[in-house]
Amino acid sequence: MKRNKLWLLLTAFAMAFLVVGTVLAATPASDQGVVPTTHDGNITLEGGGNSDAADCDAADGIETGDTGGSETTDNGVTVEWTYDDTTKEFGFTATGGVVLKAYIKGGNGYNEYDYTGMGGVTSDGGMFAPDTNNDGVPQGLSHAVFCTGEGEEETSEPSFEASEEAETDEPSFEGSVEELTEPPTDTLPGNATATPADSAWLLVVALGVLLASIVVLTPARAKSRR
């Protein structure tokens, strides 16, 4: 009796693992590692009726058909998407911005891929509509909805190397001190030119010599006249 109960318990656990494994296999993580959230019902860009509305303004969104294609939002983000109707795999690439959320509708529900925690992405793949029949096979694509946004702006700050080069181009402190304290070369003894004071002294000396010669010569001329 105990063995029968144990066998039934083990069988129940095995079936539970199989069901969980089938569900997980039907909703794998995307190529970006995002596990989708499955919702019942329909999703459209603006909502209305019995449809949920995408989590973005219409100007930032794109609603697709059931095949691959390309479209640009009113705000200039271009999204190109692909769909393989054999494997049911969906993927996309974006230029001019990023995709913040993608909704993949199929059957009676849709899968929501949320990239907002990553700041948005420019591409993803390995995406599927939900397995609404619980048979391990994702539904075919009905349509998809994208919510886009601006990508992160690149800063124009100079790199460390550029900053270092800019700093080395500036004159050093020692060089600046030398330039400020170095005397003018025209005041050095070897390069000095005659100043007005030097010229005056030379004139005084010359006049003194001339007067001395006159004094010496004058008596001699007087004696010669006698």
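This is a predicted model: local features need pLDDT of at least 70, side-chain atom pairs count only at pLDDT 80 or more; totals for chains, interfaces and linings use all residues.
Residues are numbered from 1 along each chain as its sequence is written, and side-chain values use heavy atoms, with hydrogens and water left out.

**Figure 1. Overview of the chain and its secondary structure.** The chain comprises four helices and 11 strands. These elements are DSSP runs numbered from the N terminus, where helices are H or I runs of at least four residues and strands are E runs of at least two. Of the 226 residues in the chain, 26% are buried. Here, buried means under 20% relative accessible area, exposed means over 50%, and partly exposed lies in between (1.4 Å probe, protein chains only). The accessible surface of the chain is about 15700 Å², and carbon and sulfur atoms account for 56% of this surface. Accessible areas come from the Shrake-Rupley method with a 1.4 Å probe; for residues, only the protein chains shown count as cover. Among contacts between residues at least 6 apart in sequence, 54% join residues at least 24 apart. A contact means heavy atoms within 4.5 Å.

**Figure 2. The disulfide between Cys 56 and Cys 147.** A disulfide is a covalent bond between the sulfur atoms of two cysteines. In this model, the term is applied to a pair of cysteine sulfur atoms within 2.5 Å, and by this rule the count is one disulfide. The bond joins Cys 56 to Cys 147, with an S to S distance of 2.2 Å. Cys 56 lies in the loop between β3 (51-53) and β4 (61-63), and Cys 147 lies in strand β11 (residues 143-149), so the pair ties together parts that are 91 residues apart in sequence. The torsion about the S-S bond is about -75°, and the disulfide is therefore left-handed. Both Cys 56 and Cys 147 are buried.

**Figure 3. A network of salt bridges linking Asp 55, Lys 101 and Glu 112.** Side chains of opposite charge can pair when their charged atoms come close. A salt bridge is a side-chain nitrogen of Lys or Arg within 4 Å of a carboxyl oxygen of Asp or Glu, and the structure holds two salt bridges. The side chains of Asp 55 and Lys 101 form a salt bridge with an N to O distance of 3.1 Å. This pair links distant parts of the chain, with Asp 55 in the loop between β3 and β4 and Lys 101 in strand β8 (residues 98-106), 46 residues apart. Asp 55 is exposed, at a relative accessible area of 52%, whereas Lys 101 counts as buried at 11% relative accessibility. A salt bridge also joins the side chains of Lys 101 and Glu 112, at 3.2 Å from N to O. Lys 101 lies in strand β8 and Glu 112 in strand β9 (residues 109-114), so this pair ties together parts that are 11 residues apart in sequence. Both Lys 101 and Glu 112 are buried.

**Figure 4. The aromatic pair of Phe 92 and Tyr 115.** Rings of Phe, Tyr and Trp (its six-membered ring) pair if their centres lie within 6.5 Å; planes under 30 degrees apart count as stacked, over 60 as edge-to-face and the rest as tilted. The structure holds five aromatic pairs. Phe 92 and Tyr 115 form an edge-to-face pair, with 6.0 Å from centre to centre and 70° between the planes. Phe 92 is in strand β7 (residues 89-95) and Tyr 115 is in the loop between β9 and β10 (123-127), 23 residues apart. Both Phe 92 and Tyr 115 are buried.

**Figure 5. Phe 92 and Phe 146 within an aromatic cluster.** The ring centres of Phe 92 and Phe 146 are 5.4 Å apart and the planes lie at 65°, so the pair is edge-to-face. Phe 92 lies in strand β7 and Phe 146 in strand β11, so the pair ties together parts that are 54 residues apart in sequence. Phe 92 counts as buried at 3% relative accessibility, and Phe 146 counts as buried at 0%. Ring pairs link Trp 81, Phe 90, Phe 92, Tyr 115 and Phe 146 into a cluster.

Figure 6. Not counting residues up to four places away in sequence, Asn 42 touches Ser 51, Asp 52, Lys 105, Tyr 110 and His 143. The side chains of Asn 42 and Ser 51 are joined by a polar contact of 2.8 Å. A polar contact is a pair of N or O atoms within 3.5 Å; within protein, one must be able to donate a hydrogen and the other to accept it, and residues adjacent in sequence count only if both atoms are side-chain atoms. The C-alpha atoms of Asn 42 and Gly 109 are separated by 6.0 Å, although these residues are 67 residues apart along the chain.
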